[in-house]
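Please look over the model below. The questions that follow work through it one piece at a time.

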Amino acid sequence: MSEFDDSSYWRFLKGDPDALEALIRTYSDPLVRFAYCYVGSSAAAEDVMEDAMADVLVKGKRFADEAHFRAYLYKAVRHRAIDYLRRHRSLVPLEDVENILACGDLERDVMKRQRDETVYACVQALPEQYRQILTLTYFDGFSPEEAGRILSKSSKQVYNLLARAKAALRKNLEKVGISHEDL
C-alpha cells in the first residue's frame, strides 16, 4: 500500500466524511493564491477554487499518486479561472482590504507586514505569466516540470520564464529599495 492510498483523497473516495474537510484544509489556500494570479480578486479566486475543487471531487477520478492529483487540481483551477475571465471580461475587480495584525512585537510585525505588502505588490506588478510561474514554483512548491504540466509549457519554457520572472522581480524590488538580504 502506497502513502497515497492513505491520503485524504482516497479516504474521500471511499466515503470518509472527515476526508473532505482535510482536502479543503490542505489545498484551499494555495489554490486560491493560484487563482488570484489569474482573476485578481480574492472573492473571485475563492469561487474559482471552490468550483474547480467541486468538479474534481465530484468526478472521483483515480490518480496514481498525490503529485498527479495535486497537478490535476491546479490545472482545473487554471481552466476555471480562464473561464471566469471570459465570462467577466468587462468587470473590474475591486481591491480587497485586509486589516489583520498578529500579536507580539507590534513594531516588528508592522515592519514585516509592510515589507511583505511591498514584495507582494512587486510580484503583482509582473506580467501574468511571471506571476503564475513564481506562484507555482516558490509559493506552492511545485517543481518546474510539474508547473510546466499545469501551465501547458515545456521544461525549457518554464526555466526561461523562471529566469525572466526572477530578474524582473529583482528589478522591481530594487526600485523600491528591497535587496536580497532584506528578504
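Q: Is S28 buried or exposed, and what is its relative accessible area?
A: Buried means under 20% relative accessible area, exposed over 50%, and partly exposed in between, with a 1.4 Å probe and protein chains only. The model is predicted: local features need pLDDT of at least 70, side-chain atom pairs count only at pLDDT 80 or more, and totals for chains, interfaces and linings use all residues. Residues are numbered from 1 along each chain as its sequence is written, and side-chain values use heavy atoms, with hydrogens and water left out. S28 falls under the cut-off, so S28 is buried, with a relative accessible area of 14%.

Q: Which residues is S28 in contact with, leaving aside its neighbours within four places in sequence?
A: Contact means heavy atoms within 4.5 Å. S28 has its place in helix α2. With the neighbours within four places left aside, the contacts of S28 are L23 and M49.

Q: Where does α2 bend?
A: Helices are DSSP runs of H or I with at least four residues, strands are runs of E with at least two, and both are numbered from the N terminus. Helix α2 covers residues 17-39 and reaches 31 Å from its first C-alpha to its last, close to the 33 Å expected; that expected span is 1.5 Å times one less than the number of residues. A bend is the angle between axes fitted to the seven residues ending at a position and the seven starting there. In α2 this angle is about 40°, a proline, P30, follows within four residues, and the place of the bend is Y27.

Q: Which residue caps the N-terminal end of α2?
A: A polar contact is a pair of N or O atoms within 3.5 Å; within protein, one must be able to donate a hydrogen and the other to accept it, and residues adjacent in sequence count only if both atoms are side-chain atoms. Here a side-chain oxygen lies 3.1 Å from the backbone nitrogen of D18, and the capping residue is D16.

Q: How many aromatic pairs are there, and why is the pair of Y74 and F142 edge-to-face?
A: Rings of Phe, Tyr and Trp (its six-membered ring) pair if their centres lie within 6.5 Å; planes under 30 degrees apart count as stacked, over 60 as edge-to-face and the rest as tilted. By this rule the count is five aromatic pairs. The rings of Y74 and F142 have their centres 4.3 Å apart, and the pair is edge-to-face because their planes are at 85°.

Q: Which parts of the chain does the pair of Y74 and F142 link, and how many residues apart are they?
A: Y74 counts as buried at 1% relative accessibility, and F142 counts as buried at 3%. Y74 is in helix α4, whereas F142 is in the loop between α6 and α7; these are distant parts of the chain, 68 residues apart.

Q: How many of the eight residues of α7 are buried?
A: The buried residues are P144, E146, A147, G148, I150 and L151. They pack against α2, α4, α6 and α8. α7 is mostly covered, and its buried residues number six.
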